[in-house]
Every structure is written in C-alpha cells, then in structure tokens.
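Below are my notes on this model, as numbered points. Please read them next to the sequence and the structure.

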Amino acid sequence: MQTIDHGSHGDIREAVRALCADFPAEYHRKVDEARGYPEKFVDALTKAGWMAALIPEEYGGSGLGLTEASVIMEEINRSGGNSGACHGQMYNMNTLVRHGSQAQREKYLPRIATGELRLQSMGVTEPTAGTDTTRIKTTAIRKGDRYVINGQKVWISRVQHSDLMILLARTTPLDQVAKKSEGMSIFLVDLHEAQKKGLSVRPILNMVNHETNELFFDDLEIPVENLIGEEGKGFKYIMTGLNAERALIAAECIGDGYWFIDKVTAYTKERQVFGRPIGQNQGVQFPIAESFIEVEAANLMRYEACRLYDAGEPCGAQANMAKYLAAKASWEAANACIQFHGGFGFAAEYDVERKFRETRLYQVAPISTNLILSYVAEHILGLPRSF
Ligand SMILES: Cc1cc2nc3c(=O)[nH]c(=O)nc-3n(C[C@H](O)[C@H](O)[C@H](O)COP(=O)(O)OP(=O)(O)OC[C@H]3O[C@@H](n4cnc5c(N)ncnc54)[C@H](O)[C@@H]3O)c2cc1C
C-alpha cells in the first residue's frame with residue numbers, strides 16, 4: 001500500500017518493523033487472551049534502544065525527536081501490536097527531560113536508557129474531577145523535607161509494570177489560587193517504595209487488555225527532591241507532556257488505521273461470495289477507500305504537530321486535531337474491517353476484534369473527542385467558553 005509517508009524515516013521504520021516481525025499478531029493475541037503484559041516485546045524494544053528514543057545522547061539515549069518517537073509507536077501498531085503497553089515512557093520522558101532538574105536527569109535518565117528503570121506511568125485522572133483536571137483533590141502538603149500525599153486516582157496505567165510514575169497533585173488549595181490551573185505540582189514517585197508506605201493499587205479489569213488501576217494515597221511521604229520543576233506550575237508542565245501524548249496517540253491510531261486497511265483489503269480481494277470477490281462491490285470498496293483517505297489526512301496533521309513540538313513551538317491545536325482526526329480515522333477503518341470480515345471479524349484468531357477494541361479506547365482517552373471539539377471551538381474559533 002502506497003502511503004504519504006512511504007519512505008520517510010525509512011531506517012527507523014525498517015528497524016522497528018524487523019523487531020516487530022519477531023512478535024507477530026499471534027504473540028499479541030496470546031498476551032491479550034491471557035490478559036498478560038507483553039514483557040518480552042517491551043524488553044526487546046528497550047534492549048534495541050527504542051524506549052530511550054527521547055532521552056538525550058549525553059544520558060545514554062538516542063536524542064531523537066517526537067517525530068521519530070511517533071514513527072516507532074506507529075510501526076508497533078501497524079505490525080499488529082499495541083503501543084499502549086509501553087507508550088507512557090515516550091510521553092513522560094519529555095516532562096522529565098524538559099522540566100526535571102540537572103540532578104534528577106542525572107539520577108534517572110541513564111538508568112531509564114539502559115532499561116534498569118521504567119517510567120511508564122502518569123497519574124492525573126481522578127474519579128470525582130474527571131476531565132476537569134483543575135478540580136483534582138489529591139493533595140501534596142510540604143512537611144520539612146517531604147511532601148505528604150493524600151487522595152485517589154483512577155485509570156492510572158502500567159503501574160504494575162513501571163518503576164516510576166509522574167504524579168499531579170494540588171499543593172495550594174483551589175480557593176487560594178488566582179487561576180485554577182495554578183497551585184498544582186508534579187512529582188516523581190518511586191512506585192516500589194510508595195507501595196510499602198501508603199500507596200495502594202487496585203487493578204481495573206477493562207475492555208482492552210490494558211493494565212490500568214485505581215490508586216489510593218494514604219499519607220504517602222515523598223522527598224522534596226522528587227518535585228519536578230517549580231511548585232505550583234505542574235499543570236503547565238503536564239500540558240506539554242499531554243501535547244506529546246496526543247501526537248503519539250495520533251501516530252498509534254494511524255498505525256492501527258493502516259493495519260485495518262491492509263487487513264480488510266487483503267481479505268476482500270480473496271473472499272468470494274455470489275461468485276466474485278466481495279471487494280468488487282462498491283458498497284464494500286467505498287468505506288475502505290474513505291477510511292484510507294481519512295488516515296492519510298490525519299497523518300499529515302500528525303507530522304505537523306510533531307514538527308511544531310520538536311521546534312519548541314506551540315502545538316496544542318495541531319496535537320489535539322491530529323489526535324481527533326487519527327482516532328476517528330482508525331475507528332472508521334476498524335468498523336470497515338470488522339464489517340467486511342463478516343462473522344470472521346469476531347473470531348479472535350483474525351485479530352480484528354482485538355485491534356477493534358484497542359483502537360476504540362482513543363475516542364475517550366487520553367482525552368475525549370468532545371473535549372477536543374470544545375478546545376478548538378473556544379481556543380481556535382474564539383467561541384464563548386462552555387465550561
Ligand atoms: C484504559 C484507560 C487508560 C487510561 N490511562 C490513564 C493514565 O495512565 N493516566 C491518567 O491520568 N488517566 C488515564 N486514563 C483516563 C482518561 O484520560 C480519562 O478516562 C479521559 O480523559 C476521560 O475522563 P473521564 O473518564 O473522567 O470522563 P468524564 O470527564 O467523566 O467525561 C465522560 C464523557 O463526557 C463527555 N464530556 C465531559 N465533559 C464534557 C463537556 N464539557 N462537553 C462535552 N462533553 C463532555 C465526554 O464525551 C467524555 O467522554 C485512562 C482511561 C482509560 C479508559
């Protein structure tokens with residue numbers, strides 16, 4: 001299939017494809033069936049250096065940009081895998097690289113680069129605040145050389161397969177700040193230590209084989225040196241990370257979109273009903289062609305979001321729009337793929353139903369489509385603020 005980025009970042013694509021070829025769809029299917037974690041796959045990605053793509057070379061990484069990181073994520077999903085098992089390290093990395101102190105970078109980055117430590121988790125969402133992040137209730141109160149954390153988080157992914165987590169908590173109460181986005185801070189939490197001292201983790205069984213959890217903080221003490229950047233500015237820092245996350249998720253959806261289109265195109269060429277291939281019917285061709293057009297268009301916006309991010313320019317609009325377009329396009333491609341596989345689309349051995357479930361998540365997380373639409377309406381089009 002000829003696509004707009006055919007040949008771009010060819011070396012990275014080829015190398016990631018070669019690694020993914022050792023982990024065919026059957027591997028990911030078995031992990032899904034067992035509700036397991038693709039440990040061997042993530043280890044292989046780490047050993048090959050792909051999980052350290054965004055770590056500067058001076059700390060043992062490869063110093064690549066978000067564009068290249070997005071190509072790695074895209075190729076994983078395009079191969080039939082699911083980057084959800086490991087993408088946290090990519091979008092968390094820039095938060096530490098951009099806002100961490102010299103001491104924090106020196107302490108953690110080289111060990112993350114070698115794979116000794118994983119930074120796969122980010123704790124933002126709370127059960128009562130939902131998308132209204134400024135209303136989070138988890139607090140971090142400074143007491144001498146420690147912060148004491150109390151509160152609750154929900155849907156926090158990969159906690160059981162990570163060593164570190166970036167946590168957002170309120171350090172100044174909402175009614176004492178001039179702007180509601182102020183007074184929140186981010187911290188690096190050592191997950192192993194924390195679980196011995198006040199952090200409880202409760203897994204949430206969910207539609208996708210995605211390791212995600214409820215977290216309960218009960219007087220968890222963490223050292224002040226684990227504060228990232230300045231106290232009170234955490235929301236701003238986390239937003240930079242969220243833009244990276246949106247661009248990366250867009251790339252994953254694009255990988256999914258191409259996977260669905262490849263799969264359904266091959267199948268509809270072969271499958272004979274009424275004495276001809278089903279792909280000969282325009283009623284079958286058009287939804288596939290339409291979703292291909294949409295994946296290609298989303299891909300252009302993804303590259304633009306990554307380009308701006310890598311240039312250090314504002315990219316909130318483009319990252320949000322890329323995520324919106326790509327999630328929508330992959331979902332349309334998933335629908336066409338399952339539809340034209342007929343009954344076989346529902347059989348686990350075809351992998352379509354698994355990828356269908358996996359790509360559905362991105363209509364809701366890490367930000368729902370409605371919230372992107374309201375961002376564009378308010379911040380780009382200047383329409384009145386709706387909430
Ligand atoms: C599998 C999974 C993994 C996740 N991993 C993480 C993680 O690692 N870390 C983390 O911090 N979070 C994580 N999340 C949380 C995720 O980011 C949130 O679920 C998502 O942002 C939506 O928030 P919510 O669930 O609280 O929905 P709510 O805020 O309750 O919103 C529900 C729905 O209401 C609609 N809605 C809400 N407000 C408005 C409005 N003003 N206008 C129009 N429509 C509106 C939207 O359609 C939205 O989907 C994960 C979620 C899932 C399902």
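How many residues surround the ligand, and which are the closest?

1. The shell around the ligand holds 22 residues, and the closest are Val-124, Gly-130, Thr-131, Trp-155 and Ser-368. Here a residue is near a molecule if its C-beta atom, placed from the backbone, lies within 6 Å of it. Two or more shell residues come from each of β1 (119-123), β3 (146-157) and α12 (369-380). The most come from β3, with three residues.

2. On provenance: this is a predicted model, in which local features need pLDDT of at least 70 and side-chain atom pairs count only at pLDDT 80 or more, while totals for chains, interfaces and linings use all residues. Residues are numbered from 1 along each chain as its sequence is written.

3. By class, the ligand shell has eleven nonpolar, eleven polar and no charged residues. Nonpolar means Ala, Val, Leu, Ile, Met, Phe, Trp, Tyr, Cys and Pro; charged means Asp, Glu, Lys and Arg; the others, Gly among them, are polar.

4. The chain is divided into domain 1 (10-118), domain 2 (120-232) and domain 3 (236-380), with bounds from an automatic or database domain assignment. The ligand lies between domain 2 and domain 3, because both give residues to its shell.

5. Domain 1 and domain 3 have C-alpha centres 21 Å apart. Their contact takes 27 residues from domain 1 and 25 residues from domain 3, where contact means C-beta atoms, placed from the backbone, within 7 Å. On the domain 1 side, α2 (25-33), α4 (66-78) and α5 (87-99) each supply at least two residues, and α4 gives the most, with ten residues. That side divides into seven nonpolar, 13 polar and seven charged residues.

6. The chain has twelve helices and ten strands, taken as DSSP runs (helices H or I, at least four residues; strands E, at least two) numbered from the N terminus. Over residues 232-366 the chain is 74% helix and 3% strand, with the end C-alpha atoms 23 Å apart. For that range, an unreviewed UniProt entry lists "domain: Acyl-CoA dehydrogenase/oxidase C-terminal"; such annotations may be inferred rather than shown by experiment.

7. For 387 residues, a compact globule would have a radius of gyration near 21 Å, and the chain agrees, with 21 Å. The radius is taken over C-alpha atoms, and the globule rule is 2.2 Å times the number of residues to the power 0.38. Along the principal axes, the C-alpha atoms fill a box of roughly 80 × 50 × 40 Å.

Technical notes
Contact = placed C-beta atoms within 7 Å.
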